[in-house]
Structures are given as structure tokens and as C-alpha cells.
Amino acid sequence: MTLLSLLPAVSFATSGEAMADAPTAPMTEQSASERAAATGESVEALSERTEYTTTVANPDGTFTLTQSTQPQRARADSGTWRDIDLELEKRSDGMVGPKAAVVDVAFSGGKSGSELLRLGHEGQELRMAWPTSLPAPTLDGATATYTNVPVEGVDLQMTATAEGYRQVLVVRSAEAATSSELEQISLTATGDGLSVVPGEGGGLRAVDADGNAVFRGPAGQMWDSAGNDAVAGPRTQLMSTATEDEALRTQADDSSQPGEGDTTAELPVAVGDRTVSVKPDLELLRGPKTVYPVFIDPPVGLGVSEWTKLSSDGDRFWKFTEPKGVGRCGVADGYACGPGYTDRMYFEFGAGKLAGKHVLDATFRAKETWSFNCTPYWVDLERTDNISEGTRWPGPRQLDQLGDKYVSAGRGDLCNPEQPNKWIEFNDNPGEADENLTSTVRAFAAGKFPRLTVMLRAKDETEPRAWKRFDNNAELKVRYVHKPGVPTSVGAIPGTGNKTGPCRPSSDPLTVTVDTPSIHARVQTLVQPGGDETTPALQAEFVMQRSSDDTRKGSWSQVWSGHSPEKGWATDGDLEKITTSKRADGGLYRFRARSQSHWSYDNKSGDLFSPYSSWCYLRIDSTAPKAPTIATGGPYRECTANDCASNGAPGTPGTFTFRPNTADKDVKAYRLRFLSTGASAVKQVNAASTNAPVTRKDIAPRRVRRPTCRSRTTPGLSTAVPRTRTTRARRSARASTSPPPMSSASTVPATTTARRTSSICAGSTRTRPWS
């Protein structure tokens, strides 16, 4: 069997059956967490469900993510979930395909032409064509058999899997093996947005325009049926609780991979211009000791995650579908597993939904389906370097032991007491310092390494009694909480009011006209959640320092700290505001913020903190004029939270009217600039009389090469037009006799909109001198 692997952003799933149709409005993480807390029972966050993952909200506020190597469900065209169903059915276009699989896979229905396969995923498609036309297939469950292809006595079998397909040529006789058409098997390969290139270890890959592997497969393989011939010697070790005859018959009927005792050969794939081909080993195909049927396996197929079994005799079983062995496969107690080779098993996971989460606990699970006898033996879990379709014995470099288990399972009523199939769980034992699965998965989630590969091996690889079999559906279960991210929208409000203000540098601090400044920050998680993801366990923590001499050159010391909300927790994206205690008039201050999250699990609790934001600077000046009001005329208008339509254009003048704050009685002039310009660009406009409004019709935004403020995209912009920029308005005040430096300016929110929205900043000036 050869499989070609599909590699999207990897995520995984829990075991068990898929639920039927998902509800119209699936439960989010937040709503699931609220229900779990109210009921005391875990609740699945259905909005987070994927083919490979299940996310559950726990009553203690944590979440459990289960990732699996096998898909647990498929998404229907309607968007609902359904169980995997690989039974082939005829389709309206004449192809045949499974009823429900992770990818869109279809085989030839025997119509005119030679199209053998279509394999699609997320708008990308790989197509394979046979050299000649194909007959109508015989359908049997997930397998389509094309009889006498390419010659009489040879059958082409295409089998659907949950993630793709397998392809095998079955040569049933020595006479059929003499055909020259079997000396090279070639397929035409085409793709939409994909190119076929050589892969690792003689395999192939289909890559996108950026060179990313979307599909991949190992080298081809062929084998005969020598293992089916009974020979004298120790009795064959059973592979399940079936009778010996049933076990042997099941193994013989599995044509997807070589069985015990079969002669095998590897077939490297040749990638040409729109073709892939393999050349069978003619000595094995036509040799005097060959036992028919012979199976030839050109490399086509796919899968999402990575797993493989490696044997010391050179065999490798990449993406195996039936349980495989771990340990020494030899002879003991009158039973034979094999001639004496060693097996190791590997599973590889991608971070997927773990990225940006804080891991509290991790468990790796693999299902043991058989053991050599009823006596427990040790099996180790090791972290290794990553695997690929070309990985060979002895496997990747071993990095760390993650745990071990002393177990025996899968023999059923052959043992007393019975030993049914069992999930073997590896979880850190606090009494063993060398077990560090949780810390390893925590580092994995933090991005310390891109993929996590683990190996199952017998602790004693010389002991045949320690040999075990495990299923291919391994799981990684992770208990986590969201990790906080550096807050955004950190700033201060110049005076009173409920709007927001900017974060200003030390060279141009914000002038605040009250001695109890209001500051704010928008809390967030480290990884931006999707539209249906929120988490209600965040706070904003603020600290403020004052300069020793109220200049930039002074030393700084902390004078205040606080957090918001004062009680309870905020959700991702909430803007948190807080008012400081009384500050000294004339003082130069700086403040910053960080996000905090809280967790409680297993009688433990803790807090997580993001890094701090950058420092924001302000100066207290209770004598400064208050923020003026700014009214916009055509063609611009002020943006609102939900409406910031483009108007005007860079260079197009607009009309603006400036009026004094109602608290001011002696305003003589206004100073203004766009925040896309420096402080030196400030212009002053004089009022005709004290507190009189001023209207200007010549204020025009201009292009800037590098925006310095937060950007917002305006719909319909071409690439030649700068992105929409929304900034805060700036107001500065000075005395008519002795103007202070621009660093004493105050700021008010007042935005206007052009095709690239610029913010006009205006301030009042009054007659009394600065103090």
C-alpha cells in the first residue's frame, strides 16, 4: 500500500462516532464554558469541531482538545457533520466515490476515456489517468476492482480510505506476469494549482505554487504471497482473539500490504513530464520461487497526519491501516511472531489549535489490540525527530523519553482475567522526574518546534514476549487555557469623556487636563480567535511611573498600578478603562499595560501574563484648554465604530469647523495637524474673537509613504491607493506670549475620512501664559 499525504494546517480529532448534523448555531467556546460551569459537566464547543479534533469546555474553566491521527467525521456539502462512510456509490458525473470522506476522491466509473482518479481538497485537485480506457468496476464496499487491467489475469483495485485511497495491481498467475505491459506502470498526472515533484525516499509530492507539499506519497512496493504457504515450525502467533485459521485467512485476504513471510521489493517512483511511473522488480514478478498472486503498488493515496511502522528487516508501513507491531517479532514459548526482526511505531502531530494555548496537562493514547502473551511488559514513549514518507530503519534520532507503561492487553478471554483491547495512556508520573510529556507539549504549543513526533518501542527489544500490536488511531489529549497576548489600543484620554485617546512617545507626551487620568487597553489572547471563539478569563493590568524631575532625562519610579475589570473577567477584544489616583499637576508620567488570564485545574491555580505594551507618556496640566469640538463638512465625515465609508481623496480639501470646549471661556486660536505628519507640521488658525468658532475649507489630507498609525482596510481600494488609516485627533494649546513645546499638547478623538482616512488634530490656545 502506498499513500499520498494531504497536508493542510494540521488539526486532529477525538475517537468515537461523529455526531449527526450540527446545530444551526454551534456552541462556541464561551457559551460551552458558561454551560459547563453552570451544569458541572463538560460541554463540547461545537464551533471548534473539525474532522480531526474535538474541543470540550470543562466546569473549571479549562478546555480539553483531543487530536487524532484518524478522521472521526466528515463534513457534508450542507456543512453538517456525518460519520465516515467509505462505501462506494455511483455519482451523477459517471465516477464512483465514497459516501463521506475527508477529501473529494472519485474513481473511474468505466465511462469512455482513461480518467482513473480525481482527488480534491480546498479547491486544489490532482488527477491520474490510466494509459487505456477502463471497464466498469465491480464495487465491494470501499473497493472498486477493474478486472483484466492492464492485461488478462491482472486486476486493478482502487480502495477509498477516510483521507484518500489505495491502489494495487493484483497479478494472479505466472502467465499474466509475463506480459510486457507490467514491466513499467505509468500514469498521467495533472493538477489544478499543483505540480508533481520527486519526494523523500523514492516517493513523490504534489506541491502548490509556493512549493508547499499538498499531497505526498512514499516509494511504491510489491510483494508476493509466500507467507500464505504453511511451513513446519512453531505455531503462528495470533493477531487477534479470532481462531488461528481465521487470523491467517484475514491476513491473506488483506491485499493492501505485505503479510508475514511475503517476499517484498521497493519500487522508487520516477517523475517525468506529467507522468509518474514505477518499474516492478522482474525477478520477484517472474521468479521461480514467486508465489502468486503478486501485488504491485504504484504510489498514489493521501492522508492528513503522519504515522509509520519501521522494521529492522527493511520493511516500512507508512500510513498503515491495520494494527501493527512494536517490539521484537521472534519466537518464544512454541509460538512465532516472525523470523526475528524489531518493530517501532511513530506518530507525528502538528500544532493546529494548540498554538498560543498554555498547556496544563497532556496525555498520549494508543490502543493496544494484541500482546504476545498475558504477562505485562514495558513499552516506552519517546520523542524523536520528525518522520516523512521516506523514513527508514532505524528511524529518526531519539530526543527524549516521555514515559513508559507496564501493560498487556488485547488477548481477550485467552487470559484470566480477560484482557480486552485497551487505550494505553501515557501521562506524567510526578514520582518520575524523567517523564515530561506535559512540558514537551507545552513547548510544542508555544512554537518551540513545529511538529511533535513520538515513538512507541519495547523497552527490551531483545525479548519476543514483549511484542505488542497497536492501532493506527493514536490520540493526543491536551488540557489547556488561553494564553494572553499583549494588549492593543493602549492610550489615555486627554480630559473627561468616554472616548479613547492615543499612546504618545516621550518626545511628544499627551497633555491631560485632569489630575486623575483615564487610561485604557484592549485585552486579547495570544492567538487571534476565530469569529466564534471567545474566552471570558482576561484582565488588563496597568502600571504608571513618574519622572524624578518631570523631564525625559529623569529617573523613573512606579507611583500607581491597577487592573480592569475590578471584579470578574473580560473577553478577548474588550476595551478596559480605568481611572488612576490623583497625580501631581505638571508631572511627567508614563504607563503601560499587559493582559492577564487566570486558570484553575486539579486543585491548582495560577495566572498568566503577556509581555507589557510599549510605554505611553503624558503630562498633567490642569490649566490647559480642554479638547475643542470638530465638526466636519463635505466631503468628509467622522468615522463611527461601525461605519467608516471612504469619502474624498488625498489632496482633496474638506471643510472643518472648530469650537471651544464649553469649559473654556478665553480661547483665541486653534492649532491643528494630521497625525500622519510630525509635530512640526502644526498650523495655527486664529479666532475672529474670543471663543468664536473657526471654519476652514482648505484642509486636505495628503499621501504618506509609511503609515505610523493603526490601519483599517477600506472596501474597494485598488493596490495603488494607500490603505485606510484611522488615527486620533490631536489638540495643543499655547500662550500667545510664550508658547510651550509641542510635547505639552493634548489629544482628542476626532477622525475624518478620505479614501485614505487621515485624522485631523486640533487644539485651542488661550491668552493666559503657561504655568
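Colleague: Is tyrosine 617 buried or exposed?

Modeller: Buried means under 20% relative accessible area, exposed over 50%, and partly exposed in between, with a 1.4 Å probe and protein chains only. Tyrosine 617 has a relative accessible area of 13%, so this residue is buried. Please note that this is a predicted model, in which local features need pLDDT of at least 70 and side-chain atom pairs count only at pLDDT 80 or more, while totals for chains, interfaces and linings use all residues. Residues are numbered from 1 along each chain as its sequence is written, and side-chain values use heavy atoms, with hydrogens and water left out.

Colleague: How many aromatic pairs does the structure hold?

Modeller: Rings of Phe, Tyr and Trp (its six-membered ring) pair if their centres lie within 6.5 Å; planes under 30 degrees apart count as stacked, over 60 as edge-to-face and the rest as tilted. The structure holds 11 such pairs. In one of them, the ring centres of tryptophan 556 and tyrosine 617 lie 5.7 Å apart with the planes at 75 degrees, so the pair is edge-to-face. This pair links distant parts of the chain, 61 residues apart: tryptophan 556 belongs to strand S40 (residues 556–564) and tyrosine 617 to strand S44 (residues 616–620). Strands (E, at least two residues) and helices (H or I, at least four) are DSSP runs, numbered from the N terminus. Elsewhere, ring pairs link Phe347, Phe349, Phe364 and Phe426 into a cluster.

Colleague: Which charged end sits over the ring of tyrosine 612?

Modeller: A charge sits over a ring if NZ of Lys or CZ of Arg is within 6 Å of the ring centre and within 35 degrees of the ring normal. The charged end over tyrosine 612 is that of arginine 592, 4.1 Å from the ring centre. Arginine 594 lies over the face of phenylalanine 609, also with 4.1 Å to the ring centre.

Colleague: How many salt bridges does the structure hold?

Modeller: A salt bridge is a side-chain nitrogen of Lys or Arg within 4 Å of a carboxyl oxygen of Asp or Glu. There are 31 of them in the structure. One joins glutamate 461 to arginine 344, at 2.9 Å from N to O. Its partners come from distant parts of the chain, 117 residues apart: glutamate 461 is in the loop between strand S33 (451–458) and strand S34 (468–470), and arginine 344 is in strand S28 (residues 335–350). Both glutamate 461 and arginine 344 are buried.

Colleague: What does lysine 582 form with aspartate 515?

Modeller: Lysine 582 and aspartate 515 form a salt bridge, with 3.9 Å between the closest N and O atoms. The two residues are 67 residues apart, lysine 582 in the loop between strand S41 (575–579) and strand S42 (588–601), aspartate 515 in the loop between strand S37 (510–512) and strand S38 (518–525). Lysine 582 counts as exposed at 62% relative accessibility, whereas aspartate 515 counts as partly exposed at 27%. Salt bridges that share partners also join Asp93, Glu115 and Arg118 into one network.

Colleague: Which residues have the most contacts inside the largest nonpolar core?

Modeller: A nonpolar core is a set of buried Ala, Val, Leu, Ile, Met, Phe, Trp, Tyr and Cys residues joined through side-chain atoms within 4.5 Å. The largest has 47 residues, and those with the most contacts inside it are Phe107, Leu116, Trp130, Tyr146, Leu156 and Val171. Strand S13 (residues 154–160) gives the largest share of this core, 4 residues. Apart from it lies another core, of 40 residues, among them Ala57, Ala351, Leu402 and Phe449.

Colleague: How many bridges join strand S17 to S18?

Modeller: Two strands pair if DSSP finds at least two bridges between them. S17 (residues 204–207) is joined to S18 by 4 bridges, and the two run antiparallel. The bridge partner of alanine 206 in S18 is phenylalanine 215. In the hairpin of S17 and S18, with 5 residues between the strands, glycine 211 takes a positive phi near 85 degrees. Because 5 of the 5 residues of S18 (residues 213–217) are buried, this strand is largely enclosed by the rest of the structure.
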